[in-house]
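Subject: Structure for your records

Hello,

Here is the structure I said I would pass on. My notes on it follow below.

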Number of protein chains: 2
Amino acid sequence: MASKKNQPLDERKKKILKAVTDDYILSAEPVGSRTVAKRYQLGLSSATIRNEMADLEESGYLEQPHASAGRVPSDLGYRYYVDALMSVQQLSGGEVDLIYSQMDHHQQELEMLIHKTAKILGQITKYPSIVLAPQMQTALFRHIQLVRLAPKTILLLIVTDTGYVENKIIDFEGEISSEELDHLSVVLNKKLRGISLKDLNTVLLNDLHSEMILHDHFYNEAIKVLIKAMSKKSNERVFVDGATKILEQPEFSEIQKFKPLMNLLEEEERLYKLLADNSKSSAQVKIGHENSDEEIHDCSVITSSYEIAGRTVGVIGVLGPTRMEYARVMPIVEYTAAVLSELLTQLSRRGHGRIDSG
Amino acid sequence: MASKKNQPLDERKKKILKAVTDDYILSAEPVGSRTVAKRYQLGLSSATIRNEMADLEESGYLEQPHASAGRVPSDLGYRYYVDALMSVQQLSGGEVDLIYSQMDHHQQELEMLIHKTAKILGQITKYPSIVLAPQMQTALFRHIQLVRLAPKTILLLIVTDTGYVENKIIDFEGEISSEELDHLSVVLNKKLRGISLKDLNTVLLNDLHSEMILHDHFYNEAIKVLIKAMSKKSNERVFVDGATKILEQPEFSEIQKFKPLMNLLEEEERLYKLLADNSKSSAQVKIGHENSDEEIHDCSVITSSYEIAGRTVGVIGVLGPTRMEYARVMPIVEYTAAVLSELLTQLSRRGHGRIDSG
DNA sequence: GATTAGCACTCTCCACGCTAGAGTGCTAAC
DNA sequence: GTTAGCACTCTAGCGTGGAGAGTGCTAATC
């Protein structure tokens, strides 16, 4: 009866739903009433469980692949499982050590660190991992330097407070001396330090303009480059690792199932959209149809954001079938994000004292 | 009879081998004598062709998947086909335009250019593409600059003659003033300009040491970083694109066949080894067992090296089944490498005049 | 009234055998 | 030297049928 929909689940139904979900996550095979009765000590016969399972199906928590098969959790079932039923697994000491030590190695470089993060996450979770590189829009200018390479070639160097260094070679017509460049560097530093990148093209530009009116042409080019350097294009970088791990999952052993996923994992923009709006540092899950991307309506994505010095700047995540080991993977993703936050923050603190402008 | 081995092929055998290979490359199905007789006007009956094909098999150019199937070229057969038989296809005007225009767009950044190259190559050839980033070992120092970010934090900036900019943030104990840094920059520039990166850790280091003895600690750290920056680690970068395209090939439609390939495409080091020794700017092919990597003994790799200002610095390539469209793809790889060479050279010429050391 | 045993039914999976088709090698004729 | 013809071989595809797993329903039991 439809009236059973939306009724709160009683304890017994919860237990059965949990048992079915646990078992299915483990076995990837539809779970029958007999299996539940035998494998999980609920003190009930298979017939009773059969009835309860029929109810759970009617309420939308379970589904049947075909008429005489066992039950499988629906998206709703997984959602309930994640929110209320599963027993979150503690990270083992080995895992903690592995994550921490592996990541610590490559402290030196931001890009390496991100890359390594994706690798470890894939390796430990056994699912394809996706890491969005730190978003630079909210980063603050720390240092700007112009270096003259040749009469018409200038190197523009930007260091952000997140420890990120961006450089661009600028070609422009017209000469400019090293002294003038030094002067400009000083001016730019004074004006821009502490400003966030995304605020660049506001009033500030006009302000700068008056200072730099003498070098009008250069100014125009420089600003253009500045804006471009900080634009989305170069910042929407996405790192994927272990894409082939998805092949281990029986639901993707046929190429028709597997191909669209692989395609997704090769398209940075779609991956970006997939993760970009998740900004909680605790692990978040999107289950099946909760994902915006149609091609992964049979997948779940576990994400966790990371931060630099308290400012959320990026997201890491893993992709798997809806039959994912939520209880195991969620804490891993969360912890990995936390370690990444810590290391990035550490990285950004380097030389975070007063900066000489000489 | 074994005596037939290594006999030069007569014209008729060549024609038949070419027909079989052409047909198999197109259809992916073993080619029978009847097909050859019907589809290719050789003026011979299927029976005659049958006899010739038996000979070709005996000489090792053809193989039979099973007793009553058609013939398929062996690695040797493909090798002969590539070296002597195939009619190389001219690039269409559309292809030339496509490659050129697509690549021209992103002139600005070296990394973007490499990335884009991989994309285009994959897109046009319809095979997974692999691009090794420019090898920096042979690049020459053009400019070195030390920038003081904070009392104990220094930014080391290296610009090579290939237009590549590398930067490192160096932490070290001990203070150093901006003036000292400027002085050091001048010294370093004088000493290092024009030296190739790989020559860094030779006599030169001792030479430098005497100049920098005053800043011993800093010197040690700086040199360490210099060497590390130019070490293989950061230069063995490999870009892969369109890995999933391999799924379009019928020989890899089963996951067992496909999986090892995918794994290869995710392992940068193996890819590096696969391409690294190819250094001809004309398209080269490695067919099946000619490849060192065991897992791709049923694949071919077409490569072409690219250069910056006449110096070979990297390799691009595509991976496919041995049943690859050699005649179509080889010119594409070659042309793409040539365009890349041109653009990189262009990029490196920017501001290639005298450099002020002020 | 809730639980359970029993049973008929349904659906999938897989092994088996069969046929059609494609291609061969060999022999004998041209 | 070439070709027609034929017997033979091997694969791919299809339909059949039984085994196995699991259900829903009914009737008996607690």
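Two strands are taken to pair if DSSP finds at least two bridges between them. By that criterion, strand 5 (residues 153–160) of chain A pairs with strand 6 of chain A in the antiparallel sense, over seven bridges. Please keep in mind that this is a predicted model.

The sheet in chain A

Strand 4 of chain A runs antiparallel to strand 5 of chain A, and eight bridges join them. Within this pair, Ile144(A) stands opposite Ile158(A) of strand 5. The hairpin that joins strand 4 of chain A to strand 5 of chain A passes through two residues.

Is strand 5 of chain A buried on one face or on both? In a regular strand the side chains alternate between the two faces of the sheet. In strand 5 of chain A, Thr153(A), Leu155(A), Leu157(A) and Val159(A) lie on one side, Ile154(A), Leu156(A), Ile158(A) and Thr160(A) lie on the other, and all are buried, so that both faces are covered. The count for strand 5 of chain A is thus eight buried residues of eight.

Helix packing in chain A

Two packed helices are described by the angle between their axes and the distance between the axes. For helix 1 (residues 11–27) and helix 3 (residues 46–58) of chain A, the angle is about 90° and the axes are 10 Å apart. These two helices of chain A are therefore roughly perpendicular to each other. Helix 1 of chain A contributes Arg12(A), Lys13(A), Ile16(A) and Leu17(A), which meet Ile49(A), Glu52(A), Met53(A), Asp55(A) and Leu56(A) in helix 3 of chain A. By class, the residues of this contact are five nonpolar, no polar and four charged.

The DNA strands

There are 20 residues around DNA strand C, and those that come nearest are Ser45(A), Thr48(A), Ala67(A), Ser68(A) and Gly32(B). Helix 3 of chain A, helix 2 (33–39) of chain B and helix 3 (46–58) of chain B each supply at least two residues of the surface near DNA strand C. Helix 3 of chain B gives the largest share of that surface, four residues. The surface near DNA strand C has seven nonpolar, ten polar and three charged residues.

Around DNA strand D there are 20 residues, of which Gly32(A), Ser45(B), Thr48(B), Ala67(B) and Ser68(B) come nearest. Two or more residues of the surface near DNA strand D come from each of helix 2 (33–39) of chain A, helix 3 of chain A and helix 3 of chain B. Here the largest share, four residues, is that of helix 3 of chain A. The surface near DNA strand D divides into seven nonpolar, ten polar and three charged residues.

Regards

Definitions and conventions. Residues are numbered from 1 along each chain as its sequence is written. Chains are lettered from A and ligands numbered from 1 in the order in which they are written. This is a predicted model: local features need pLDDT of at least 70, side-chain atom pairs count only at pLDDT 80 or more; totals for chains, interfaces and linings use all residues. Axes are lines fitted to C-alpha atoms, for helices over the stretch in contact, and angles run from 0 to 180 degrees between N-to-C directions. Angles under 35 degrees count as roughly parallel, over 145 as roughly antiparallel, 65 to 115 as roughly perpendicular and the rest as oblique. Two residues are in contact if their C-beta atoms, placed from the backbone, lie within 7 Å. Ala, Val, Leu, Ile, Met, Phe, Trp, Tyr, Cys and Pro count as nonpolar, Asp, Glu, Lys and Arg as charged, and the others, Gly among them, as polar. A residue is near a molecule or strand if its C-beta atom, placed from the backbone, lies within 6 Å of it. A residue is buried if 20 or more other C-beta atoms lie within 10 Å of its own, exposed if 12 or fewer, and partly exposed in between; C-beta atoms are placed from the backbone.
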